[in-house]
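This report walks through one model, from the DNA surfaces to the sheets, the core and the chain contact. Keep the structure open while reading.

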2 protein chains.
Amino acid sequence: MARPDGKRADMVTIADVARHAGVAVSTVSYVLSGKRAISTTTRQRVLASIAELGYHPHAGARALASRRANVIALVLPLRTGMHLPVLMRLVTAVVTAARQAGHDVLLMTADEGPAGLRRIAASAMVDGVLVMDVEMSDARVPVLRELGRPSVLIGFPADPTGLTCVDLDFHRAGARCAEHLAELGHTRIALLGAPPVVYQRDTGFARRTRAGFLDAAERLGITATARPCGESPDDARAAVEQLLMDVPDVTGLVVHNEEALAHVLAVLPRLGRGVPDDVSVVAICPDQVAENAWPPLTAVLIPAEEVGRQAVFLLMRKLDGAPVPESTLLGPALTVRRSTASRPVSEPAAARMGE
Amino acid sequence: MARPDGKRADMVTIADVARHAGVAVSTVSYVLSGKRAISTTTRQRVLASIAELGYHPHAGARALASRRANVIALVLPLRTGMHLPVLMRLVTAVVTAARQAGHDVLLMTADEGPAGLRRIAASAMVDGVLVMDVEMSDARVPVLRELGRPSVLIGFPADPTGLTCVDLDFHRAGARCAEHLAELGHTRIALLGAPPVVYQRDTGFARRTRAGFLDAAERLGITATARPCGESPDDARAAVEQLLMDVPDVTGLVVHNEEALAHVLAVLPRLGRGVPDDVSVVAICPDQVAENAWPPLTAVLIPAEEVGRQAVFLLMRKLDGAPVPESTLLGPALTVRRSTASRPVSEPAAARMGE
DNA sequence: CAGTCTCATCGAAGCGCTTCGACGAGGGGT
DNA sequence: ACCCCTCGTCGAAGCGCTTCGATGAGACTG
C-alpha cells in the first residue's frame, strides 16, 4: 500500500496533479475554482491530469484553507407523530438539492440538542444548518440565533423574527379547501381539525389552517364551521356525530387531522352519508394517505420536495451573503380525487335511504 | 465582527487556548487526545481554559493533520418498497451510535451512485461507509471493494466475501416461527412467503426464511409446507384457499410478506377460520405493522435499532484496524400478541360454525 | 520604442491541528 | 557522586489546500 515516498498510495494530492501537468500547484487550484483566468490549453492539460490521476480535493484541507466546508447540517427531529413518508421525502429532497449546489449533508438528530448545534458550528464542520420540523417554542431556536450561523428552519416557531423559515402556507391551504367545495356548489361546509389540545397550545399550523378556511368561506358567502377533532376512533365518531347534529345539512367536510381521517371516513357511511354522494371530503394530508384511503381523497398535499428544495436554496443564498425573505410560504396544491363531488340536488341521504 | 488581528471573532483556536492556559499548543493537543501523559495540574488548567473560551477543534484542520475525519457516510436507498418506519429507526440508531463513538454522519442518497462513493472516499471526507438496504446484486458493492475503505453493509449481497455484513438472521427467524407454533401444540403448519418471482431471483432473505422454517419443522417432527404468495388481494386469497384445500387441517400459519399480510388476515375469517381460534398466525414484519393489524400479530420483528448499533460498532472496529466477522446475523425476537393460541382441541371451525 | 496594461502563471505564506524528536527536571540505581 | 530512566512539556515540521502579491510575456498606446 505504501509508496516509496512513504505516502498512502490512494491519496492523490494537488501537488501530484501539478507535477503531472507540469504547472504550479496554484494553477491547478485556479483551474478548479475558476477564480483567476487560465488559458484554455493549460486548463485542458490540468483537467486531463486530474481525470487520469483520479484526483479529488481533500475536503479537510479545503475547509481549512478556504474556511468553507461545503457541508450543511440537517437537524432531524426524533419526535414521533411526525409523518415519516413526508419526512423521508423531505430529507431526500434536501440531500439532492444540496448536492446540486455542491454541498454534502451532515445528519444530526435532535437528541444532541443545543450542545450538538454548538459543536457543529464551532468546529467549522458545516457552513450552515437546516432545522426540520420546528415547533412553536423550540429549544433550538435561541441557540440558532446565538450562534449566528446561516440557518433555515422548516416550519415556524412562535417568533420567527430574524430567522429564515419555510413551510406550507396553511392559511391558503385552508382557504383552498373551502374554495374547492364552494366551486362544487356546497354552501354548508365544516372543518374538522387537530385535537383540542393542539389549539390550546397555540400551535401555528392548526390555527392558520382554520383561519384560512373560515376567511375564505366568509369571502365566498357560504356557511362554515370549524371545530377540533380527537384522534381516537371514539372521539372522531363523536365529533362527526355532533357535527351532523348541529349542522344536519352540511355537505362539504375538510379534515385536517391525519390520525382521525380514517375514522371519519369509516363513520360517515354508517351515519348514512356516502362519500362523495352525500358529503364531499377534502383532506389536508400527505398524498400517500390520500391515495390509499377509500375513496381516494381530494386533498391538499404537503409539498415535501418543494419545501426541501426551497430550504436548501435559501440556505445557499445566505451562505453567499445574499438577502433572503424571513418567511417563505409555499402555495398549497389541491389534487382532486374521488372524495368530492357537486352538491347533491336532492334531500339529505338519511331520508333517501329510508333511515 | 472582526478583531484587531483581522481574524473572525467566533473562531477560537488551539493557540488561543494555549496562550490562555500558559502552555504550548502541543500540550493542549495532548490534553485533548490523551496520547501523552500530562500532569493533573496542567490538564485542569487547559480544560478550564477550553471551557472558558468555548473552544471546539476545527474539524477540517483535525482531519487534515490526523488523517481522520471522524465522520462516517450513511448511504440510504431511495428505492420505494423499503418500509419507512424501519428505515428511520435504523437511521436514528446509526446516528446515535456514531455520535457515541465520536463520529458524525454524512448522509448520501444512492442516486449519486458509485461516483458519489468515490468522491466521498477520495476526498477523505469520511473514514468509513455504511451502506443500507443492500440488494443481492448491488452496484455499490464492487465500488466498495475497489475503494478499499472500511465499510459495513446492512443486508447481504449475493457474494459477501471480503465484506462485512449485518442483518437479521432470517434462517433463525423462520425457525423461531415454527418453534413458537410447535410449542402451542400445532402439528400442521404452513409458511406463506414472498411472491414467486422473488424466489426465482434467488433473493437471500426469502430463501433463508423458508429453509429455517422447514428445517425447524422437520427437527420438531411436525408437518410443514412452504409456498409463495402473491401480493394482490386476489393472489393472496387464492394462495390461502389453495392452502386450505391442500392442507385442510392446518392450524398454524406464518406470513412473511408484508403486502399480502392484510389480505390474508381479511380472507381467513371469510373462509371460516378465526384468528387465533382456528388458525394461529405469526408474521415476520415490522412491529408497527404487527401492532396495527387486527388481531395484533404475534411476530418476529426486524430489530432495526440493534442492526444500526451493530453496524456502527463493526465499522468502528474496522476503523481501529480490529478484526471483524464477515457476517453478523442478529437473533430474531418473537413478540407474542393475540394472533396465536394453542391448537384447537375440537374439529375445524368450518364444521363448528355450521358452514 | 519606451511606457503601460492585461493575461497567465508562479512561489510562498498561511489555515488550525497532530505528532515527532528534543530537552530539562526529578528519581531511582550503583 | 555518577549515569540512566521516565515524565511532562515544548518547538517545529508538516497535512493539502487557497489566496495574495509578484513576475514575465505580449499587446497596446502615443
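Predicted model: local features only at pLDDT ≥ 70, side-chain atom pairs only at ≥ 80, totals over all residues.

Local features are included at pLDDT of at least 70, and side-chain atom pairs only at pLDDT 80 or more. Totals for chains, interfaces and linings use all residues.

## Surface near DNA strand D

DNA strand D is surrounded by 32 residues. The closest are Ile14(A), Ser26(A), Ala65(A), Ser26(B) and Ala37(B). By class, this surface has 18 nonpolar, 10 polar and 4 charged residues.

Both chains supply helices here. H2(A) gives the most, with 6 residues.

## Surface near DNA strand C

DNA strand C also has 32 residues around it. Here the closest are Ser26(A), Ala37(A), Thr42(A), Ile14(B) and Ser26(B). Two or more residues come from each of H2 and H4 of chain A, and from each of H1 (14–21), H2 and H4 of chain B. H2(B) gives the most to the surface near DNA strand C, with 6 residues. The classes are 18 nonpolar, 10 polar and 4 charged.

## A loop residue in chain B

Lys35(B) sits in the loop between H2 and helix H3 (40–53) of chain B. Is Lys35(B) buried or exposed? Lys35(B) is exposed, because it has 9 other C-beta atoms within 10 Å, and 12 or fewer counts as exposed. Its C-alpha atom is separated by 26 Å from that of Ser123(B), 88 residues apart along the chain.

## The six-stranded sheet of chain A

Chain A holds an open sheet of 6 strands with mixed pairing, in the order S7-S6-S8-S9-S10-S12. S7 (223–227) and S12 (333–335) stand at the edges. Each has a single partner strand, so one side of each is left without a neighbour in the sheet. From one strand to the next, the twist averages 20°.

Inside this sheet, S6(A) (residues 188–192) and S8(A) (residues 252–255) pair in the parallel sense over 4 bridges. Ile189(A) stands opposite Gly252(A) in S8(A). Two helices lie across the strands. H8(A) (residues 170–183) lies across S6, S7, S8, S9 (280–284), S10 (298–301) and S12 of chain A, at about 165° to S9(A). H10(A) (residues 204–220) lies across S6, S7, S8 and S9 of chain A, at about 165° to S7(A).

## The sheet that spans both chains

An open sheet of 12 strands has the order S11(A)-S5(A)-S4(A)-S3(A)-S1(A)-S2(A)-S2(B)-S1(B)-S3(B)-S4(B)-S5(B)-S11(B), with mixed pairing. Which strands stand at the edges? They are S11 (327–330) of chain A and S11 (327–330) of chain B. Each has a single partner strand, so one side of each lacks a neighbour in the sheet. Neighbouring strands are turned by 25° against each other on average, direction ignored.

In chain B, 3 bridges join S3 (residues 128–131) to S4 (residues 151–154), and the two run parallel. Val131(B) stands opposite Leu153(B) in S4(B). On the chain A side, helix H14(A) (residues 304–319) lies across S1 (71–76), S3 (128–131), S4 (151–154), S5 (165–168) and S11 of chain A, running at about 165° to S5(A).

## Contact between the chains

The contact takes 32 residues from chain A and 32 residues from chain B. On chain A, H4, H5 (84–100), S2 (104–109) and H6 (113–122) each supply at least two residues. H5(A) gives the most to that side, with 7 residues. The chain A side divides into 18 nonpolar, 8 polar and 6 charged residues.

S2(A) and S2(B) (residues 104–109) pair in the antiparallel sense over 3 bridges. The bridge partner of Leu106(A) is Leu106(B).

## The nonpolar core

In soluble globular proteins, nonpolar side chains tend to be buried together. The largest nonpolar core here has 193 residues. Leu74(A), Val94(A), Leu130(A), Leu74(B), Val94(B) and Leu130(B) touch the most other members.

Take Val94(B). Leaving aside neighbours within four places in sequence, Val94(B) is in contact with Leu74(B), Val105(B), Leu130(B), Gly308(B), Ala311(B) and Val312(B).

How values were computed. Residues numbered from 1 in each chain as written. Chains lettered and ligands numbered in written order. Near = placed C-beta within 6 Å. Nonpolar A, V, L, I, M, F, W, Y, C, P; charged D, E, K, R; others polar. Pairing = 2+ DSSP bridges. Axes fitted to C-alpha atoms, helices over the stretch in contact; angles between N-to-C directions. Contact = placed C-beta atoms within 7 Å. Core = buried A, V, L, I, M, F, W, Y, C linked by C-beta atoms within 7 Å. Buried ≥ 20, exposed ≤ 12 C-beta atoms within 10 Å, placed from the backbone.
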